[in-house]
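User: I would like to go through this model with you. Could we begin with the annotated domain and then turn to some local details?
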Amino acid sequence: MRGCDRILSGHRTPSLRERLADLAAVDFDGLDGRPDFYGGGPVAALERRVAGLLGKPDAVFFPTGTMAQQVALRCWAERTGNRAVALHPLGHLEVHERKAYQTLTGLRGVWPTTEPRQPTAQEVRDLDEPFGTLLVELPLRDAGFLLPTWDELNALVAAARSRGAKVHFDGARLWESVFHLGRDLPTVAGLADSVYVSLYKTLGGLSGALLAGAEDFTAQARAWRHRYGGQLFQQWPAVLAALGGLDRELPRLPEYVAHAKTVAAALAALPGARVFPHEPHTHQFQLWLPGPAAALNQAVLTLAEQQKTWFANSFTDRSPGMAMAEITVAAPALEWSGADVTAAGLALLELAAAAAG
């Protein structure tokens, strides 16, 4: 991928030297000051900035989103007296964290729906047992980066409130979700009692997450962050990378999301291809091609070697005869026309057919 001249999905991975140069170039007034020591300094500056972007009174830096969301849900469980969390079975906490919220935090998940879509307000309202918190992943990544409409999201939140529950947004990709919802970040975040955002998934940071909410909530979250081992001695490299990402990527997200529709339409024209959702809700979506995945992955490498073109990261086998890859339309893809995308896709399919024999 680093040797390619053109990249359709994602960003070129920087070398360590390039990453260090990027950190040194970040526009931050405190570069000549002291680093953070268990918080403060650049960490506090990032917390203030993200709280302002989300329209929340305060925000807390965490080394990982896994830790941030466990702490958020634990705090709400303590306040509501109910350890049940209503969430989707395809959500990150269920699929990608080894059930840490259950094993380490003692919480319990209840599912409003098992369908591969966002839950409806009626499903939340009709849950057959009490729950203390509703967690909404925006977008629902493993279902295809799916978002509700603005009206559906409002109804979902109202349904949780009618059950006496708190609302937490898993906003790992909230930054790019606002365009489909048609509202700005403070308006969207304002629906929830707490919001988690990632500092690397869209922003291209090194690591880290922010948990935002009212000041009494963030004070409690800071106490639990300490108990969970998340109060690191110094975290300024991750913080500087996040500040750089806010400056660089946030202003470009409207371009990415708009161009994703062009890319998706061009890919949908490939023989046997399926794009989901048909019109992407963010700058990420699923591409399904005739498999097997092993042949498609070999074709990706061959295309990169022969034409210096990076098509996508790894395909995985899904339904019989089909494989799926996630497409991320970012700055490199803005140079691609629809015709460019289709031509590369046809070349990939030809190489995959040869690899499959």
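Predicted model: local features only at pLDDT ≥ 70, side-chain atom pairs only at ≥ 80, totals over all residues.

User: Which residues does UniProt list for the domain?
Analyst: The UniProt record, an unreviewed entry, gives residues 40–283 as "domain: Aromatic amino acid beta-eliminating lyase/threonine aldolase". Helix makes up 44% of the chain over residues 40–283 and strand 14%, while the end C-alpha atoms lie 34 Å apart.

User: On to packing. At what angle do helix 2 and helix 11 cross?
Analyst: Helix 2 (residues 41–54) and helix 11 (residues 236–248) cross at roughly 35 degrees, and their axes come within 9 Å. The crossing is left-handed.

User: Which residues make that contact?
Analyst: Helix 2 contributes Pro42, Val43, Leu46, Arg49, Val50 and Leu53, and helix 11 contributes Trp236, Val239, Ala242, Leu243, Leu246 and Asp247. Of the residues in this contact, ten are nonpolar, two are charged and none is polar.

User: Is Pro277 buried or exposed?
Analyst: Pro277 counts as buried because its relative accessible area is 7%, and the cut-off for buried is under 20%.

User: What is Pro277 in contact with, neighbours within four places in sequence aside?
Analyst: With those neighbours left out, Pro277 is in contact with Gly144, Leu146 and Phe285.

User: And how many Å separate Pro277 and Gly30 in space?
Analyst: Their C-alpha atoms are 43 Å apart, and Pro277 and Gly30 are separated by 247 residues in sequence.

Technical notes
Residues numbered from 1 in each chain as written. Heavy atoms only, no water. Buried < 20%, exposed > 50% of the residue type's maximum accessible area, 1.4 Å probe, protein only. Contact = heavy atoms within 4.5 Å. Axes fitted to C-alpha atoms, helices over the stretch in contact; angles between N-to-C directions. Helix = DSSP H or I, 4+ residues; strand = E, 2+ residues; numbered from the N terminus. Left-handed = near helix turned anticlockwise from the far one by under 90°. Nonpolar A, V, L, I, M, F, W, Y, C, P; charged D, E, K, R; others polar. UniProt positions renumbered as here; feature names shortened; annotations may be inferred.
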